[in-house]
Amino acid sequence: MKKILLFALLLGCLQINAQSVLGKWKTIDDKTGKAKSIVEIFESNGKVYGKIVEIFDPAKRDRKCEKCEGADKNKPVLGLLVIKGLSKDGEEYNGGKITDPETGSVYKCFIKLEGKDKLTVRGYMGFALIGRSQSWVRI
(Lines give C-alpha, C1' and ligand atoms only; values in the text may rest on other atoms or scores of the structure.)
Protein backbone atom coordinates (compact mmCIF):
# COMPACT_ATOMS: atom_id res chain seq x y z
CA MET A 1 0.00 0.00 0.00
CA LYS A 2 2.81 2.41 0.88
CA LYS A 3 4.50 1.71 -2.48
CA ILE A 4 1.31 2.55 -4.35
CA LEU A 5 0.92 5.84 -2.46
CA LEU A 6 4.58 6.73 -3.06
CA PHE A 7 4.23 5.94 -6.78
CA ALA A 8 1.06 8.04 -7.03
CA LEU A 9 2.78 10.93 -5.26
CA LEU A 10 5.79 10.77 -7.59
CA LEU A 11 3.55 10.56 -10.65
CA GLY A 12 1.60 13.59 -9.44
CA CYS A 13 4.82 15.58 -8.96
CA LEU A 14 5.95 14.69 -12.48
CA GLN A 15 2.64 15.82 -13.93
CA ILE A 16 2.78 19.12 -12.05
CA ASN A 17 6.33 19.71 -13.31
CA ALA A 18 5.31 18.83 -16.90
CA GLN A 19 2.49 21.39 -16.71
CA SER A 20 4.76 24.25 -15.67
CA VAL A 21 5.66 27.28 -17.77
CA LEU A 22 9.21 27.02 -16.42
CA GLY A 23 11.86 25.72 -18.79
CA LYS A 24 13.26 26.46 -22.22
CA TRP A 25 11.01 27.58 -25.06
CA LYS A 26 11.65 28.06 -28.78
CA THR A 27 10.23 31.41 -29.84
CA ILE A 28 8.34 31.52 -33.13
CA ASP A 29 7.94 34.86 -34.91
CA ASP A 30 4.21 35.52 -35.35
CA LYS A 31 4.83 37.41 -38.61
CA THR A 32 7.24 35.03 -40.40
CA GLY A 33 6.54 31.71 -38.65
CA LYS A 34 10.31 31.20 -38.24
CA ALA A 35 12.05 30.11 -35.04
CA LYS A 36 14.13 32.99 -33.67
CA SER A 37 15.54 32.12 -30.28
CA ILE A 38 15.38 30.09 -27.09
CA VAL A 39 14.00 31.79 -23.98
CA GLU A 40 14.48 30.21 -20.58
CA ILE A 41 11.59 30.93 -18.23
CA PHE A 42 12.43 30.73 -14.54
CA GLU A 43 11.09 31.79 -11.17
CA SER A 44 12.83 34.13 -8.74
CA ASN A 45 11.36 35.48 -5.50
CA GLY A 46 7.87 34.32 -6.46
CA LYS A 47 7.89 36.06 -9.87
CA VAL A 48 8.43 34.60 -13.36
CA TYR A 49 11.10 35.88 -15.74
CA GLY A 50 12.31 34.95 -19.22
CA LYS A 51 15.86 35.32 -20.54
CA ILE A 52 17.14 34.87 -24.11
CA VAL A 53 19.69 32.03 -23.91
CA GLU A 54 20.15 31.30 -27.63
CA ILE A 55 19.72 33.20 -30.90
CA PHE A 56 19.44 31.15 -34.09
CA ASP A 57 20.53 33.79 -36.63
CA PRO A 58 24.35 34.01 -36.35
CA ALA A 59 24.26 37.60 -37.67
CA LYS A 60 22.15 38.68 -34.68
CA ARG A 61 23.98 36.85 -31.85
CA ASP A 62 26.23 39.77 -30.95
CA ARG A 63 23.55 42.48 -31.23
CA LYS A 64 22.91 44.93 -28.45
CA CYS A 65 19.51 46.27 -27.51
CA GLU A 66 20.25 49.77 -28.83
CA LYS A 67 16.59 50.82 -28.88
CA CYS A 68 15.91 49.64 -25.32
CA GLU A 69 15.60 52.26 -22.61
CA GLY A 70 16.77 52.40 -19.02
CA ALA A 71 18.93 49.62 -17.60
CA ASP A 72 18.52 47.46 -20.75
CA LYS A 73 19.94 50.12 -23.12
CA ASN A 74 22.88 48.70 -25.09
CA LYS A 75 22.84 45.39 -23.22
CA PRO A 76 23.54 42.29 -25.33
CA VAL A 77 20.30 40.75 -26.59
CA LEU A 78 21.75 37.31 -25.78
CA GLY A 79 21.16 37.06 -22.04
CA LEU A 80 18.58 39.87 -21.96
CA LEU A 81 15.64 39.48 -19.56
CA VAL A 82 12.72 39.94 -21.94
CA ILE A 83 9.97 38.80 -19.56
CA LYS A 84 9.91 40.43 -16.15
CA GLY A 85 7.81 40.09 -13.04
CA LEU A 86 4.89 37.85 -14.00
CA SER A 87 2.72 36.39 -11.23
CA LYS A 88 0.52 33.30 -11.38
CA ASP A 89 -3.17 34.17 -11.67
CA GLY A 90 -5.27 31.04 -12.11
CA GLU A 91 -4.10 29.32 -15.28
CA GLU A 92 -2.10 32.25 -16.62
CA TYR A 93 0.77 34.44 -15.54
CA ASN A 94 0.34 38.21 -15.80
CA GLY A 95 1.13 41.54 -14.19
CA GLY A 96 4.58 41.81 -15.72
CA LYS A 97 6.26 43.21 -18.80
CA ILE A 98 7.80 41.89 -22.01
CA THR A 99 10.46 43.66 -24.07
CA ASP A 100 10.73 43.41 -27.84
CA PRO A 101 14.51 43.59 -28.40
CA GLU A 102 13.97 44.47 -32.09
CA THR A 103 12.16 47.72 -31.29
CA GLY A 104 13.05 48.29 -27.63
CA SER A 105 9.33 48.57 -26.88
CA VAL A 106 8.03 47.33 -23.53
CA TYR A 107 4.52 45.92 -23.26
CA LYS A 108 2.27 44.47 -20.59
CA CYS A 109 2.39 40.70 -20.84
CA PHE A 110 0.61 37.50 -20.00
CA ILE A 111 1.53 33.91 -20.73
CA LYS A 112 -0.61 30.81 -20.67
CA LEU A 113 0.23 27.16 -21.12
CA GLU A 114 -1.76 25.51 -23.92
CA GLY A 115 -1.14 21.81 -23.32
CA LYS A 116 2.21 20.72 -21.93
CA ASP A 117 4.44 21.86 -24.84
CA LYS A 118 2.87 25.08 -26.17
CA LEU A 119 2.96 28.50 -24.54
CA THR A 120 0.91 31.49 -25.65
CA VAL A 121 2.78 34.74 -25.02
CA ARG A 122 0.83 37.98 -25.44
CA GLY A 123 2.22 41.49 -25.34
CA TYR A 124 -0.21 44.38 -25.29
CA MET A 125 -0.74 48.05 -24.52
CA GLY A 126 -3.67 49.06 -22.40
CA PHE A 127 -6.12 46.21 -22.93
CA ALA A 128 -5.14 42.61 -23.68
CA LEU A 129 -7.42 42.71 -26.74
CA ILE A 130 -5.06 45.17 -28.42
CA GLY A 131 -1.74 43.38 -28.86
CA ARG A 132 0.14 40.49 -30.43
CA SER A 133 0.41 36.86 -29.47
CA GLN A 134 3.10 34.31 -30.23
CA SER A 135 3.10 30.57 -29.70
CA TRP A 136 6.31 29.21 -28.21
CA VAL A 137 7.23 25.52 -28.22
CA ARG A 138 8.86 23.70 -25.31
CA ILE A 139 12.26 22.19 -26.06
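The structure is a predicted model, in which local features need pLDDT of at least 70 and side-chain atom pairs count only at pLDDT 80 or more, while totals for chains, interfaces and linings use all residues. Residues are numbered from 1 along each chain as its sequence is written, and side-chain values use heavy atoms, with hydrogens and water left out. Strands are DSSP runs of E with at least two residues, numbered from the N terminus.

**The nonpolar core**

- The largest nonpolar core has 22 residues, where such a core is a set of buried Ala, Val, Leu, Ile, Met, Phe, Trp, Tyr and Cys residues joined through side-chain atoms within 4.5 Å, and where buried means under 20% relative accessible area, exposed over 50%, and partly exposed in between, computed for protein chains only with a 1.4 Å probe.
- The residues with the most contacts inside this core are I41, I111, L119 and W136.
- Two or more residues of this core come from each of strand 2, strand 3, strand 4, strand 5 (92-99), strand 6 (106-113) and strand 7 (118-124).
- L119, when its neighbours within four places in sequence are left aside, is in contact (heavy atoms within 4.5 Å) with residues including V21, W25, I41, I111 and W136.

**Strand 7 and its partners**

- Strand 7 has six buried residues out of seven, so it is largely enclosed by the rest of the structure.
- Strand 6 and strand 7 pair in the antiparallel sense over six bridges, where pairing requires that DSSP finds at least two bridges between two strands, and C109 stands opposite G123 in strand 7.
- The hairpin of strand 6 and strand 7 has four residues between the strands, and G115 in this hairpin takes a positive phi near 80°.

**Two asparagines with positive phi**

- N45 is not a glycine, yet its phi is positive, at about 55°; N45 lies in the loop between strand 2 (35-44) and strand 3 (47-55), and N45 counts as exposed because its relative accessibility is 78%.
- N74, likewise a residue other than glycine, has a positive phi near 65°; N74 lies in the loop between strand 3 and strand 4 (81-89), and N74 is partly exposed, with a relative accessible area of 41%.
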